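Please consult the sequence and the structure shown here alongside the text.

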Amino acid sequence: MLPTRSQKYNALPPYPFADLDKLKRQALADGKDVISLGIGDPDLPTPQHIVEAAKQAATEGKFHHYPIGSGLKEFRLAVANWYFERFKVKLDPDSEVHAAMGSKDAISHLHLGFVDRGDVVLVPNPGYPVYYTGTIFAGGKPYFMPLKKENNFLPDLDKIPPNILAKAKIMFLNSPNNPTSSVMDFKYFKKVVALAQKYNFLVAHDAAYSELYFGAPPISFLSVPGAREVGIEIHTCSKTYNMTGWRIGWFCGNAL
């Protein structure tokens, strides 16, 4: 007989992507033409030049070892160069860029470094489930910030009670947002920075969808004055380059 499951496990809600995948598979089995609006997994293959580069890298012994610490210097330097070209944000590849096994890895482990039992984590709703499941595993309490039409599907910062802000350790943001597609501008991020400075919590901006947009390119949270002092930005190759299965991502900004 197996031991009883932990209280943390029992506190977890059902994983919505797993349920959606079951529904999708059943619809496909029934012969229906399905456009999946579930997990953000591109339906196009990874570009061939990336595949060829991976094949070549696999022949080089230097890539067959643990990337101790923050990851390969070549990768961190590439991230820093891309950030400057794309966002005009200067990052130190040695202290302000850290590799991760996809953005999910960075998000899920971030809680464990900051959240103690009873701490509050501010989570957009709807939003990526790992924002709140990671909170539960760390013993924290998720506080959901509703994304409503009347507020352009952005968290209404003015409606978060001061007593909640005083207990907050992390605020998760996601722009461009999945699933609403709302985008946060310079003015909004500036207000977030001021709030984080006042209440001393960490801002974790999930920028996984920064390269999927219509019109003006979305900005980086780190491009706002003061943002680097209160937060980090989490990114991935998964969406931009159709590399979801490759598990390559990073977080950058505050050296923590």
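## Packing of α5 against α6

K104, I107, S108 and H111 of α5 meet V130, Y131, G134 and T135 of α6, where contact means heavy atoms within 4.5 Å. By class, this contact of α5 with α6 comprises three nonpolar, four polar and one charged residues. In this classification Ala, Val, Leu, Ile, Met, Phe, Trp, Tyr, Cys and Pro count as nonpolar, Asp, Glu, Lys and Arg as charged, and the others, Gly among them, as polar. The model is predicted: local features need pLDDT of at least 70 and side-chain atom pairs count only at pLDDT 80 or more, while totals for chains, interfaces and linings use all residues. Residues are numbered from 1 along each chain as its sequence is written, and side-chain values use heavy atoms, with hydrogens and water left out.

Two packed helices are described by the angle between their axes and the distance between the axes. Helix α5 (residues 103-114) and helix α6 (residues 130-137) pack at about 35 degrees, and their axes are 7 Å apart. The axes are lines fitted to C-alpha atoms, for helices over the stretch in contact, and angles run from 0 to 180 degrees between N-to-C directions. The crossing of α5 and α6 is right-handed, that is, the near helix is turned clockwise from the far one by less than a right angle. Helices (H or I, at least four residues) and strands (E, at least two) are DSSP runs, numbered from the N terminus.

## Helix α5 and H111

The twelve residues of α5 should span 16 Å at 1.5 Å a residue, and the 17 Å between its end C-alpha atoms agrees with this; the expected span is 1.5 Å times one less than the number of residues. S103, A106, I107, L110 and H111 are buried in α5. Buried means under 20% relative accessible area, exposed over 50%, and partly exposed in between (1.4 Å probe, protein chains only). Seen down the axis of α5, these buried residues fall within an arc of 135 degrees, so they line one face of the helix; the arc is that of the directions from the helix axis to the C-beta atoms.

H111 is located in helix α5 and counts as buried because its relative accessibility is 0%. Apart from neighbours within four places in sequence, H111 contacts V121, V130, Y131, G134, T135, A138, I170 and F172.

## Helix α8 and its surroundings

Helix α8 (residues 186-199) has 14 residues and reaches 20 Å from its first C-alpha to its last, close to the 20 Å expected at 1.5 Å a residue. Its buried residues are Y188, F189, V192, V193, L195 and A196. Viewed down the axis of α8, they fall within an arc of 165 degrees, so they line one face of the helix. The elements covering these buried residues include α7 (162-167), β4 (168-174), β5 (202-206) and α9 (227-230).

On the other side of α8, K187, K190, Q197 and K198 are exposed. Helix α8 is followed by N200, whose phi is positive, near 60 degrees.

The peptide bond from S175 to P176 is cis, with omega near -10 degrees. A cis peptide bond also joins N178 and P179, with omega about 20 degrees. P176 lies in the loop between β4 and α8, and the loop between β4 and α8 holds P179 as well.

## Helix α2 and positive phi values

The 14 residues of helix α2 (residues 16-29) should span 20 Å at 1.5 Å a residue, in agreement with the 20 Å between its end C-alpha atoms. Just after α2, G31 takes a positive phi of about 85 degrees.

K88, a residue other than glycine, has a positive phi near 60 degrees. It is found in the loop between α4 (73-87) and β1 (97-100) and, at 59% relative accessibility, counts as exposed. N242 is not a glycine either, yet its phi is positive, about 55 degrees. N242 counts as buried, at 18% relative accessibility.

## The loop between β6 and β7

N242 is placed in the loop between β6 (231-236) and β7 (249-253), and W246 is in the loop between β6 and β7 too. At 33% relative accessibility, W246 counts as partly exposed.

Not counting residues up to four places away in sequence, W246 touches T46, I50, V51 and A54. The C-alpha atoms of W246 and M101 are separated by 8.3 Å, although these residues are 145 residues apart along the chain.
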